[in-house]
Amino acid sequence: MTDKHLNEMTASQAAKEITEGRATSEELVRACLEKIDSRESDVQAWAHVDGERAIVEARAIDASGPKGPLYGLPVGFKDVIDTADIPTAYGSKIYPGHQPDVDAPCVSLIRAAGGVVLGKTVTTEFAFVNPNKTRNPHNLDHTPGGSSSGSAAAVADFMVPLTFGTQTGGSVIRPASFCGVVGYKPSIGQFSYAGVKLLARSLDTLGAFSRSAADLALLRAALLGAPAYVETLSGPPAIAFCRTPWWDRADPSSQASVQSAADRFTSACANVSELELPAHFAGLEDANHTIMIYEGRRSLAHEFARHEGKLSENLKSRMAHGLEISFDDYRAAIELARACQWEFDELAAAYDAVLVPSAVGEAPQGLTSTGDATFNRPWTTIGVPCVTLPNTTGRNGLPVGIQLVTPYGRDDRLLSVAVWAEDALSG
């Protein structure tokens, strides 16, 4: 075994240790549980951990031999994802101790691929905007982002190598950037959303957190049957540096992070050129909000009708006008999203990836907000795949990432570029 603690390895490294007999799944699970025991009171990343069950699962995998692409790796699931043997409360006071009858398909597939379900990570209320208890592991006075707050923080603090989150606005990419880990939002629909609490069907996307881009291939293999490795690029990629219509809203640390990445990519022989989006792409931010509130208020119709007193004031106030949004305005937002997806596919077809900011900047101080999703909403709205990679730190010493985006369905290519980019950024 290397000098690095098992729980601090990337998922790919830990899987190799297990398959080559230098470590066991039980040892890895116990290392993760020890980290949780030492840090959970500070970070508060978990809604529920079932350590005893996880150890039993790990022992069974060790006894039978590694199976599937996950090789006995522990995985955390955002607490909007149903699990048959662990409570799922959706971050809400309405559902304490709620026990689903069956696993969500993503949970079943992870188990079948040799993964160990470690527990449920903290989410904001119904994966919307009301913050929960999780803190940023790099500075406990700062938000970890949201809504997948626990999933990002748990990976960043070496409590677990892989977690699942969801994104409707910026709920995977932003917390990954804030916490300094890799975040992946697939092309919408690639990962099944069955068994996940629905907020906005036109936007909701199951995503993941890891410590390296290569780790994401393991999850894609488990859920999609895709290769469990990332194909190496045949040469340096063509990358479009896109400042986006929202560039002026990025703070200096975020602008510098993207610019420095473009410079490093150029030094690594990538063909970096500039791409300007048409002016009407600026409307995607409002379109995301319109779709989210229109669909979200309807998705939570039961909760409003039967349990409104247990909903947070933050959620109720933001959803208050959801039923008042006209169908014509909603349809216009959907049509803009479709038009921009087709147009982006054409604009970005000549590039291997488009480089944009991951977030406005560092994680804001305080726990009353999960941060600004400006640089995430447009890509979520048009359904294209995104990866965020750690890159620099801001003036407060907190992580600032970069985001890589490709046209719809080019997820495999995106991961290849992300692996190449990680190497370029670390060089």
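**Figure 1. Thr-163, a buried residue in strand β4.** In this predicted model, Thr-163 has a relative accessible area of 0% and is therefore buried, the cut-off being under 20%. The residue belongs to strand β4, which covers residues 162-167. Look for the side chain of Thr-163 first: from there, the backbone oxygen of Ser-151 is reached at 3.0 Å. Ser-151 is also one of the contacts that Thr-163 makes beyond its neighbours within four places in sequence.

**Figure 2. Helices α2 and α3 packed against each other.** Two packed helices are described by the angle between their axes and the distance between the axes. Here the pair consists of α2 (residues 25-43) and α3 (residues 51-64), with an angle of about 160 degrees and axes 8 Å apart. Angles over 145 degrees count as roughly antiparallel, so α2 and α3 fall into that group. Their crossing is right-handed.

**Figure 3. The residues where α2 meets α3.** On the α2 side, the view takes in Ser-25, Glu-26, Val-29, Arg-30 and Leu-33. Across from them, α3 contributes Gly-51, Ala-54, Ile-55, Ala-58, Arg-59 and Asp-62. Sorted by class, this contact of α2 with α3 holds five nonpolar, two polar and four charged residues.

**Figure 4. A cis peptide bond between Gly-146 and Ser-147.** Most residues other than glycine have a negative phi, and most peptide bonds are trans. The bond from Gly-146 to Ser-147 is cis, and its omega is near 5 degrees. If you are tracing the chain, you will find Ser-147 in the loop that runs between β3 (116-121) and α5 (149-156).

**Figure 5. Gln-44, a loop residue with positive phi.** Although Gln-44 is a residue other than glycine, its phi is positive, near 55 degrees. The loop in view lies between α2 and β1 (46-49), and Gln-44 is part of it. How exposed is Gln-44? Its relative accessibility is 22%, so Gln-44 counts as partly exposed.

Figure 6. Tyr-71 is not a glycine, yet its phi is positive at about 50 degrees. This residue sits in the loop between α3 and β2 (74-78). With a relative accessible area of 29%, Tyr-71 is partly exposed.

Methods
Residues are numbered from 1 along each chain as its sequence is written. This is a predicted model: local features need pLDDT of at least 70, side-chain atom pairs count only at pLDDT 80 or more; totals for chains, interfaces and linings use all residues. Side-chain values use heavy atoms; hydrogens and water are left out. Helices (H or I, at least four residues) and strands (E, at least two) are DSSP runs, numbered from the N terminus. Buried means under 20% relative accessible area, exposed over 50%, partly exposed in between (1.4 Å probe, protein chains only). A polar contact is a pair of N or O atoms within 3.5 Å; within protein, one must be able to donate a hydrogen and the other to accept it, and residues adjacent in sequence count only if both atoms are side-chain atoms. Contact means heavy atoms within 4.5 Å. Axes are lines fitted to C-alpha atoms, for helices over the stretch in contact, and angles run from 0 to 180 degrees between N-to-C directions. Angles under 35 degrees count as roughly parallel, over 145 as roughly antiparallel, 65 to 115 as roughly perpendicular and the rest as oblique. A crossing is left-handed if the near helix is turned anticlockwise from the far one by less than a right angle, and right-handed if clockwise. Ala, Val, Leu, Ile, Met, Phe, Trp, Tyr, Cys and Pro count as nonpolar, Asp, Glu, Lys and Arg as charged, and the others, Gly among them, as polar.
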